[in-house]
Amino acid sequence: MLTNNLYDINEHNHLTIGGVDALELAQNFGTPLIVYDVARIKQQLQAFQTAFAQQNIDYAVSYASKAFAAIAMYQVVNQAGAHIDVVSGGELYTALQAGFPMEKVSFHGNNKTPAELLLAVKQHVGVIILDNFYEIELLDQILQENQAEIKVMLRITPGVTAHTHQYDQTGQEDSKFGFDVRSRQATRALKMVLANSRMDLIGIHAHIGSQILEVEGFELEVQALMQIIKDWSQQYDYQPQVLNLGGGFGIRYTAQDQIIEPEVFVKAIVQAVKRSASKYQLSIPAIWIEPGRSIVGAAGYSLYTIGSRKDVPGLQSYVNVDGGMGDNIRPALYQADYEAILARNPQAAAVETVHLAGRYCESGDILIDQQKLPASHPGDIVAVLATGAYGYSMASNYNRVPRPAVVFAEAGKSQLVIKRETYADLVSHDCFYQQKGGN
């Protein structure tokens with residue numbers, strides 16, 4: 001087997017995923033198909049954990065499961081000894097079904113419902129990340145009614161903006177997430193929670209954005225948060241046990257993306273915390289991070305079957321596949337860039353540049369706007385690389401198209417972990433309309 005940093009091929013020059021021939025995967029499970037190389041997921045988790053261990057500091061690596069949530073995924077994370085964060089009752093329920101230890105769960109979200117908070121309290125999740133004043137009051141009510149206590153963190157917006165797509169920026173002042181610092185919302189929240197005997201404030205949390213490809217943003221985040229901790233220590237005698245810096249570590253989607261390895265990110269973060277702690281004479285808190293995309297993104301592949309094509313003289317051709325925005329909305333939503341290869345020969349020389357288009361009834365359903373491809377034919381399997389994050393988790397049934405199956409591949413074996421939806425699944429929640437009155 002030949003290997004490069006993007007994909008593996010076997011002796012037949014076919015793409016392999018987790019040691020399994022991609023053409024066999026497409027034949028056995030059908031397309032569209034999302035396939036994860038489980039070893040790559042484990043390697044990324046281990047890389048972050050090892051980087052922290054080398055820095056000799058208390059830490060937690062918490063997988064941000066909104067990137068891809070499934071029972072099998074939670075099992076893999078648990079086997080690696082990592083934490084998870086969830087952002088909904090559905091993700092929390094899935095983690096419960098997977099047998100994930102609740103003490104290693106962080107519960108995020110800017111509008112958690114009473115039912116979701118009650119579920120979290122009754123299941124004794126490790127920590128609830130408080131996002132707004134309404135939630136503080138709502139959680140207090142639930143804790144009182146259930147004679148319960150729980151660990152919490154405050155999510156704050158430190159005024160640090162990541163260099164990424166505007167929809168991926170979350171740390172700036174004008175954000176729907178968290179307590180603003182400059183207006184003193186964060187300080188007001190601090191005092192409310194410290195005065196609440198049922199809430200144990202173990203730390204503060206911030207998240208500055210996603211697909212970040214530089215360390216400077218995280219260093220600025222640390223500086224801002226440690227300044228806040230210094231002020232709170234002096235004014236309210238409070239120092240957090242945990243400093244949760246969120247996630248957002250970028251991955252390679254195209255050749256233009258210059259990625260940074262986990263150990264570089266972690267070393268920069270830890271050293272920034274230690275410098276600020278020394279400067280302000282503070283205790284060094286445990287450092288938590290929440291990688292999601294960087295754990296599963298590069299490990300995922302989307303396999304499609306080529307169908308029709310449209311050739312117009314003088315214009316770039318359209319090569320159409322049997323999936324698209326229903327299983328990967330990111331190109332239409334974020335203008336996200338990807339690269340694709342032909343599974344039967346990924347290293348074949350390109351002979352044309354095409355629009356790799358989806359099958360959905362939208363002009364914007366273009367997976368890759370300018371994709372170089374070898375000569376291709378109907379029935380060929382094309383693989384879009386690095387689709388493991390926010391593909392299936394954002395999938396829809398637009399045009400009443402069933403969502404694809406998901407397969408885990410490892411050590412030459414493949415396993416179905418999410419079944420392909422059927423037409424019967426699509427109508428399983430529909431109800432017949434009973435007309436009232438009339439002739």
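**Close-up views of a predicted model**

**View 1. Asparagine 328 is a buried residue, with a relative accessible area of 3%.** Buried denotes under 20% relative accessible area, computed with a 1.4 Å probe on protein chains only. The model is predicted: local features need pLDDT of at least 70 and side-chain atom pairs pLDDT 80 or more, whereas totals for chains, interfaces and linings use all residues. Residues are numbered from 1 along each chain as its sequence is written, and side-chain values use heavy atoms, without hydrogens and water. Asparagine 328 sits in the loop between strand 16 (318-321) and helix 11 (330-334); helices (H or I, at least four residues) and strands (E, at least two) are DSSP runs numbered from the N terminus. Beyond its neighbours within four places in sequence, asparagine 328 has contacts (heavy atoms within 4.5 Å) with Tyr304, Tyr338, Leu367, Thr387 and Tyr390.

**View 2. Helix 6 (residues 133-145) comprises 13 residues.** From first C-alpha to last it reaches 19 Å, close to the 18 Å expected at 1.5 Å a residue, the expected span being 1.5 Å times one less than the number of residues. Its buried residues are Phe133, Glu135, Ile136, Leu138, Leu139, Ile142 and Leu143. These pack against elements including helix 5 (114-122), strand 10 (150-157) and helix 7 (185-194). Just after helix 6, glutamine 147 adopts a positive phi of about 45°.

**View 3. Gln44, Ala47, Phe48, Ala51 and Phe52 of helix 2 meet Pro262, Glu263, Val266 and Val270 of helix 9.** The axes of helix 2 (residues 38-54) and helix 9 (residues 262-280) come within 9 Å and cross at roughly 35°; axes are lines fitted to C-alpha atoms over the stretch in contact, with angles from 0 to 180 degrees between N-to-C directions.

Notes: Buried < 20%, exposed > 50% of the residue type's maximum accessible area, 1.4 Å probe, protein only.
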